[in-house]
Amino acid sequence: CTFIVLSKGAEDQPDRKEGNLFDSERMIGDVNFYLNNVYNPHEAELEVMIAEDGCSGKGIATEVLRLMMHYAVNDVKVTDLVVRIKETNAASIYIFEKKFGFSLTEHSKAFQEVTLRRAVTDELKAEINQWAKHATRVEYVRAK
């Protein structure tokens with residue numbers, strides 16, 4: 001599952017004006033989850049990328065991850081969350097450990113990455129629903 005991350009407009013990208021929701025010029029990254037664990041089909045592997053210059057370090061990754069987790073847990077019924085992060089990506093490790101309560105479970109020297117996990121508990125579900133209460137869901141349907 002992929003969500004495209006759009007800038008809010010001038011707030012995130014001062015050189016761009018507020019625009020149409022479907023304006024591809026507003027794309028600044030993406031957030032994904034994959035259901036690729038054959039031993040646990042309810043485990044989602046999350047990943048996020050904020051690629052546009054000037055958009056990192058503003059909490060955008062944290063916000064879109066919250067929304068993606070809300071979708072994964074409430075719509076897809078995911079029960080376990082996992083991330084694999086390059087060991088040098090301190091900012092992403094911080095987000096998952098400190099803001100989302102994930103725990104380090106593996107460290108691969110060969111791939112130079114760490115694996116963090118968190119089970120979806122009732123406590124996490126309540127947090128996720130609180131995080132997303134301000135969000136407005138917009139679904140894109142391509143015109144025929």
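Modeller: Cys-1 is partly exposed at 35% relative accessibility, whereas Cys-55 is buried at 1%; buried means under 20% relative accessible area, exposed over 50%, and partly exposed in between, with a 1.4 Å probe and protein chains only. This is a predicted model, in which local features need pLDDT of at least 70 and side-chain atom pairs count only at pLDDT 80 or more, while totals for chains, interfaces and linings use all residues. Residues are numbered from 1 along each chain as its sequence is written, and side-chain values use heavy atoms, with hydrogens and water left out.

Biologist: How many disulfides does a search of the whole structure find?

Modeller: A disulfide is a covalent bond between the sulfur atoms of two cysteines. The criterion here is a pair of cysteine sulfur atoms within 2.5 Å, and the search of the whole structure finds zero.

Biologist: How should I read the sheet, and in what order do its six strands stand?

Modeller: Strands of a sheet pair through backbone hydrogen bonds, either parallel or antiparallel. Strands are DSSP runs (E, at least two residues), as helices are (H or I, at least four), numbered from the N terminus, and two strands pair if DSSP finds at least two bridges between them. In this model the six strands form an open sheet with mixed pairing, in the order β1-β2-β3-β4-β6-β5. The edges are β1 (2-6) and β5 (103-108), each of which has a single partner strand, so one side of each is left without a neighbour in the sheet. From one strand to the next the twist averages 25 degrees, where axes are lines fitted to C-alpha atoms, for helices over the stretch in contact, and angles run from 0 to 180 degrees between N-to-C directions. The pairing of β1 with β2 (residues 27-34) is antiparallel and comprises five bridges, and Ile-4 has Asp-30 in β2 as its bridge partner.

Biologist: Which strands does helix α2 lie across?

Modeller: Helix α2 (residues 90-99) lies across β3 (43-50), β4 (80-86), β5 and β6 (113-119), and runs at about 160 degrees to β4; contact means heavy atoms within 4.5 Å.

Biologist: What should I look for in the aromatic pairs?

Modeller: A pair of aromatic rings is described by the distance of the centres and the angle of the planes. Rings of Phe, Tyr and Trp (its six-membered ring) pair if their centres lie within 6.5 Å, and planes under 30 degrees apart count as stacked, over 60 as edge-to-face and the rest as tilted. There are five such pairs in the structure. The centres of the Phe-96 and Phe-102 rings are 5.1 Å apart with planes at 75 degrees, so this pair is edge-to-face. Phe-96 is buried at 3%, and Phe-102 is buried at 4%. Ring pairs also join Phe-96, Phe-100, Phe-102 and Trp-131 into a cluster.

Biologist: And the salt bridges: which residues are linked in a network?

Modeller: A salt bridge is a side-chain nitrogen of Lys or Arg within 4 Å of a carboxyl oxygen of Asp or Glu, and the structure holds five. The network links Glu-43, Glu-106 and Arg-117. Arg-117 meets Glu-43 at 2.7 Å, N to O; Arg-117 belongs to strand β6 and Glu-43 to strand β3, so the pair ties together parts 74 residues apart in sequence. Glu-106 forms a salt bridge with Arg-117, with the closest N and O atoms 3.3 Å apart. Glu-43 is buried at 8%, whereas Arg-117 is partly exposed at 25%, as is Glu-106 at 40%.
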